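Trainee: Please take me through one thing closely, namely the way the parts of this model pack against each other. I would like each cut-off stated where its term comes up.

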Amino acid sequence: MKEIVRDSRFRLILLANIASSIGSGITMIAIPWLLVTSDSGNVLYGYITLGVTLINFFITPYVGKLIDLVSRKRLLIFSEIFCLLVILLFALYGFTGHTYSIWHYTVIYIIGNLYYTIFYPTMFALNQEIFNKDQYKSLNGTMEVQGQLSSMIAGALASYLLVHWELQSILLLNVISYAAATYFYLRLPYMKNKRVKDVSNRQDDWSSLQYLKENPKLFVFLFFSTMPFLGVLISNYLFPVYLSDVMNTTGDIYALENMIYAIGAISAGMTIPIIAKKISNEFTVIAGVALYCIAISIIVFVPLPVFLTLSFFLALGNSGTRVARNSFMMDEIPNEIMGRVDGMLRTAGLLFRIIVIALFTKMISASLIIICFIILSGVMVIAALAVLFSVPGTKTILKI
């Protein structure tokens, strides 16, 4: 980990990610809370989340193709500047004395999700491209620590700002964070790998599908190992509703839950690279999925203090799985098609989210949120078994 931190390129990426993660993180904690605490906000938030997921489902394959064809640095800078300008407009709207309504919250939420849709796969492919293979475990562990430390800071700030600041001030802070990230990305020395560029231009749009079709066990392993992350995304919808309606808590408790989750994820980022070196990336993934499965299965049957404690183990399972899975993918999948293969897997995950969120939105309107968690638990049990019985035994090779 010390070696990767000495790399000036990594330090610039780290600073950019910290800046944008904290700013966008605060906004993406504030907006869901404002939505679910508004009139009929629970059901409305579900439909908004479903709509955003549908948008992401249709654009993710194109984002994956774009990641393979264009400069990944330019794509990151474009996403930062675009979001900066849109969020700035909403901040100015508030500072001029106007009152925000549901549609403002909705657009801001959509922009935040679109930013994540572009940012995470682009950063993943960029890191694989510019760093060495022997750095992947330390790289992914350090990136997880950075991302979750930023989330913890965002959670701490959000718990204060939700009470003491108006939304326009929070949005202005987000704008400043995007500007800082853009500055650091501009300073990043980067030239798109010529082989990546040439091979990407030769590959047809179905290359990722063909690659996964030729490696079915790999697809099953990679798809079901994303289930803890998909569970986190779904619980990001369920938790604010559960805390608000069932446990009757306030916004600062929701922010605290985000902080505790971040602490667990930071712990995973620091320990998983060491564990993965001893037991392999594959078996670390299995352990992470199993841990997440156990924690999510009991979290709504416990009092609030235990609920918050289990958030730590949810994070440990999810983030541990992600660190090991990312290192595994970087080792196995050629960088020239990483954007499209990753995009294909994300698209499959989004289809799953669409089905689950559509179901859960209807169920929440009928006050059946506990049943939602039971269904989510069942899905995680299936995922744990699927990952266990689909561990790839040999390295996969793409013939170009």
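Mentor: The protein chain is divided into domain 1 (4-187) and domain 2 (208-390), with bounds that come from an automatic or database domain assignment. This is a predicted model, in which local features need pLDDT of at least 70 and side-chain atom pairs count only at pLDDT 80 or more, while totals for chains, interfaces and linings use all residues. Residues are numbered from 1 along each chain as its sequence is written, and side-chain values use heavy atoms, with hydrogens and water left out.

The C-alpha centres of the two domains are 19 Å apart, and 45 residues of domain 1 are in contact (heavy atoms within 4.5 Å) with 54 residues of domain 2. Between them about 4,300 Å² is buried, 70% of it from carbon and sulfur atoms; buried area is the accessible area (1.4 Å probe) that two parts lose on being put together, summed over both. Of the area that domain 1 buries against domain 2, Trp-33, Phe-124 and Lys-137 supply 17%, more than any other three residues.

Turning to the helices (DSSP runs of H or I, at least four residues, numbered from the N terminus), the axes of α4 (residues 72-95) and α5 (residues 102-130) come within 9 Å and cross at roughly 165°. Axes are lines fitted to C-alpha atoms over the stretch in contact, and angles run from 0 to 180 degrees between N-to-C directions. The crossing angle therefore makes α4 roughly antiparallel to α5, a term for angles over 145 degrees, just as those under 35 count as roughly parallel. The crossing of α4 past α5 is left-handed, meaning that the near helix is turned anticlockwise from the far one by less than a right angle. The residues of this contact comprise 18 nonpolar, 3 polar and 3 charged, where Ala, Val, Leu, Ile, Met, Phe, Trp, Tyr, Cys and Pro count as nonpolar, Asp, Glu, Lys and Arg as charged, and the others, Gly among them, as polar.

Helix α5 also meets α7 (residues 167-186), with axes that come within 14 Å and cross at roughly 20°, so α5 and α7 are roughly parallel to each other. Here α5 contributes Tyr-105, Ile-108, Tyr-115, Phe-119 and Met-123, and α7 contributes Leu-167, Leu-171, Tyr-178 and Tyr-185; these residues divide into 9 nonpolar, no polar and no charged.

Finally, α11 (residues 227-246) and α16 (residues 369-388) pack at about 165°, their axes 11 Å apart, which makes α11 roughly antiparallel to α16. The passage of α11 by α16 is a left-handed crossing, and the contact includes Phe-239 of α11 and Phe-373 of α16, its residues being 16 nonpolar, 1 polar and no charged.

Note on methods:
Helices (H or I, at least four residues) and strands (E, at least two) are DSSP runs, numbered from the N terminus. Angles under 35 degrees count as roughly parallel, over 145 as roughly antiparallel, 65 to 115 as roughly perpendicular and the rest as oblique.
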